[in-house]
Structures are given as C-alpha cells and as structure tokens.
Amino acid sequence: MYKFIIEGGKSLKGKVKVKGSKNSALPILAATLLCEDEFVIDNVPILRDILTMQKVLEVLGASVSIESNRVKVDTRGAVGYEAPYELVRQMRASYYVLGPLLARHGRALVSLPGGCAIGTRPINLHILGLKRLKADISITHGYIDAYGNKLRGSCIFLEGPNGPSVGATVNVMTAATLAKGLTIIEGAAMEPEVTDVANFLNKCGAKIKGQGTRRIEIRGVKKLHGCEYEIIPDRIEAGTLALGAAISRGEVFLEGARQDHLQSFLDKLREVGVDIFVEKDGIAVKMDKDILSTDIETAPFPGFPTDMQAQFTALLCLANGVSIVREKIFEERFMHVMELARMGADIRRESDYVVIKGVPCLYGTTVMASDLRASAALVLAGLSASGTTEVRRIYHIDRGYENIEERLRKLGAQIWRQEE
Ligand code: UD1
C-alpha cells in the first residue's frame, strides 16, 4: 500500500495535457466484445480501472496490448461470457460487458458488483432495459444470468428516481446495436461519455442517432466491425486540476479541456472568483483573489457533476462565507467530509447536504482516502494546507488518475508517493 506525502503551500503553475476519459474508455473497451475483430483505441488513460478492464477482456478470451496510451484489442478469440466476482468486485464498471456479451453471444453471466462507498448503486435500470430488448434475465448466486438469442428493438424509458443512468443507457445502447429493429431510449443520459461510446459504436458500423440528448435511437444492424478510435479528454481530471490551480492560488493551462463538457463546473468556478480563459486548444485557470462562497447541487449532465462534488467542497472549505453543497445522485458521497474536518475545515453533514463555513487555512495531518473522488479532494486540500499532509490508501486515487503525483509535481506541487 502507498500513501501520498504533500507539503502544502506551493502554487500550481504551468501547462498540463488532460488525459483521456476513464469513463469513456471503460465502456468502449467493453464494447469491443460486440464483434470479432481488431481495434486500436487511442488516448486511453493508463490507470487501475483500465487494467482491471483489460483483465476482464482477457478472461473472456480477447487479447489486449497497451503501449503508452494506445490500447490494441483483438476480440477474435473472445468466446467467454462470464465476468467473475474476483474482477467485478475490483471495479463496478465491469458490468459494461453485460450488454455486449448478451448481444454477441446471446448469453452473459456477470457477477453483481456488491457494495459501494458512495451509496447503494442499484442496477435495476440495466436489467429493466435489457429485459425490454427481450433478454431473459435472472439474478442467481450473486450473478446476473442473462440469455438473449433474439434481442428485439423496443421503446424504453430509462430514468430512475435520481434521473438518467449513464451505465444503464450505455449497456442498453450497446446491446441494441445488434438487436432486430429500432430501439428508442427515452430519458437517456446525456453525459459526454455516453456520446463518446455512441460515436465509437457508429464508427464500428452501428446506427445510432440522438446521442447527447434525452432520446437516443438505435437501428439494429447484423454485424459490427473493428475500428480506430480516440477517446475524449477526461472532464473530471480537467476539473480536478483546475481546482488544484484554484485552491493553490496558481495559474494552469489545461491543454485539451473542453468547455462544452465543463460548462456548469466552470460557471461555479467563476462564481467563486476564479478567472477562466477558454482558448482554442484548452482552458486557462487563474486564481489570485479571495475565494467566495457558493451553493452547489449535483445533477445529471449538463448539471454540476457528482464526480466533482468532493473536490469542489475542498475548495469551499477556504471560501469567505458559508456554502451549501447538496448531493442529489449518490446519497452517501460524503466520505471526504470528516477527513476535511480533521484538516481544520468547519464543515458538517446534514442528510443529503453539507454546510461549510470557510476558514482562512487548512492544516496538514494524516487523512484516509475512502473512494476515488474523495481521495482527490484530500490531495487538493493537502496542496493548500499548511505543513505536511499524509493521504493514506491512495489505491483509490490510482483507480481514476494516471500518475497524479507526477503531473502535480510538474506543476510545482510538492507531493511524493511512499510505501505505507
Ligand atoms: C457513472 C460514472 C460515475 C458517475 C456517475 C454519475 C462510470 C464508470 N461511472 O456511474 O463516475 O459518478 O455515472 O454521473 O462511468 N441508478 C438506479 N438504477 C440503476 C442505475 C443507476 O437507480 O440501474 C441510479 C444511481 O443510484 C444514481 C443515478 O441512477 O443515483 C445515476 O447513476 P449512474 O448514472 O447509473 O452511475 P454509473 O453509471 O454507475
């Protein structure tokens, strides 16, 4: 196990290229299982979740090779249909193989993911959507056991109580590419990663329209083929680095960051006093003033992303005034709150929101990472804190950020990885 040691107080300065999107790369890699062919996927971030997806594909019989940020997948030998608990428990997103396996083999046996630190995370919408395509699905012995030799297009409303589901939209959309006839997903998730998966599938020969809107139409085709594809930049990595600049009173250019993927987040940054300059090839972020308070409520895209909630909370701990941050997607996504309090934040949780009274500074201490974005929040807090911060259990952060300490160090941060 490793931990980060951070000496706070250094402003981040310089230019950094945003890595490819984890949440696009995972379903796109899984979707290569839809046909027997070769694929070259570029701009894949090399992080723990991607390596877990590599193992899932290999267990299913595909061969996968990784060279810097380029992943080659050959699915010609991929005859397996079982994603075992041992892998799925390491990464929930393993369930992205469900739709592709069902569509290609008419059979999928995928372990149920089990508990999660940020909330209950049901998968009822995935199952409901696939059942509407005439798949026969049961839950037995901890597995999703699915049959579907003759998937048929259907009209499906896919929203749950907290809004659309990214995962369910992607699973149903990928399965529908090979179903007979037309599938219409109403209440589809509009996240850029869903659009990226649809664009990838279209490059493989699928017929998908409406991605990026609430209504996606998929006209089933008989067969798909391999292709070369480049993953979009990771808006959450970009946002986290932007917050690094803001919290450390620095100035960073985020090469490749896209305004259209980050609008609600950038507007909140502007509201708290950060200067944002949108340029042709990226976004510059500069902070040299006092941080102002604001209120935030997470929402499905294009609303404020739940995946930026913990990191923005870290910034608001230092704002002038009181802020309220409400979490509307994942009810338990507050694991960072008590750790930030240990660093001197005046913060308290009330059901689905936190109240933050800004303090002039945070203090370094030992804190525990508990999930991916909560860990990023603690690293951000450490960058601004006075003294030394030790962030333990950083395997969580390695799930979603490629070489984060090296990238932050290049921007001037004092952060090192050490064995615990
Ligand atoms: C994806 C992202 C995750 C992000 C989340 C919301 C990946 C690998 N992960 O997760 O980083 O935080 O989108 O933007 O891309 N729900 C149901 N039933 C279901 C599925 C979901 O009720 O069958 C609920 C969830 O509990 C949650 C909401 O729908 O309240 C949205 O979840 P969803 O969009 O499905 O999240 P994921 O796809 O798991």
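Analyst: Here is a short tour of helices, sheets and a few local details.

User: What kind of model is this?
Analyst: It is a predicted model, where local features need pLDDT of at least 70, side-chain atom pairs count only at pLDDT 80 or more, and totals for chains, interfaces and linings use all residues. Residues are numbered from 1 along each chain as its sequence is written, and side-chain values use heavy atoms, with hydrogens and water left out.

User: Helices first. At what angle do α1 and α7 pack?
Analyst: Helix α1 (residues 22-31) and helix α7 (residues 192-203) pack at about 30°. Their axes are 9 Å apart. Helices here are DSSP runs of H or I with at least four residues, strands are runs of E with at least two, and both are numbered from the N terminus. Axes are lines fitted to C-alpha atoms, for helices over the stretch in contact, and angles run from 0 to 180 degrees between N-to-C directions.

User: What do you call that arrangement of α1 and α7?
Analyst: The two helices are therefore roughly parallel to each other. The cut-offs are under 35 degrees for roughly parallel, over 145 for roughly antiparallel, 65 to 115 for roughly perpendicular, and oblique for the rest.

User: Which residues of α1 and α7 meet?
Analyst: From α1, they are N23, S24, P27, I28 and A31. From α7, they are E193, D196, V197, F200 and L201. Contact means heavy atoms within 4.5 Å. By class, this contact has 6 nonpolar, 2 polar and 2 charged residues. Nonpolar covers Ala, Val, Leu, Ile, Met, Phe, Trp, Tyr, Cys and Pro; charged covers Asp, Glu, Lys and Arg; the others, Gly among them, are polar.

User: And how does α1 sit against α2?
Analyst: α1 and helix α2 (residues 48-59) pack at about 5°, with axes 10 Å apart. That makes α1 roughly parallel to α2. On the α1 side, K22, A25, L26, L29 and A30 make the contact. On the α2 side, D49, I50, M53 and L57 do. This contact divides into 7 nonpolar, no polar and 2 charged residues.

User: Sheets now. What is the strand order in the one with β1?
Analyst: That open sheet has 4 strands in the order β22-β23-β1-β24, with mixed pairing. Two strands pair if DSSP finds at least two bridges between them. The edge strands are β22 (366-368) and β24 (414-419), and each pairs on one side only. Neighbouring strands are turned by 25° against each other on average, direction ignored.

User: How many bridges join β1 to β23?
Analyst: There are 4, between β1 (residues 2-7) and β23 (residues 388-392), which run antiparallel. I6 has T389 in β23 as its bridge partner. Helix α12 (residues 372-384) packs on this sheet, touching β1, β22, β23 and β24.

User: What about the sheet with β2?
Analyst: It is open too, with 4 strands ordered β2-β15-β17-β16 and mixed pairing. β2 (13-17) and β16 (275-279) are the edge strands. 5 bridges join β2 to β15 (residues 251-255), and these two run parallel. K15 stands opposite F253 in β15. Helix α8 (residues 235-247) lies across β2, β15 and β17 (282-286), at about 165° to β15.
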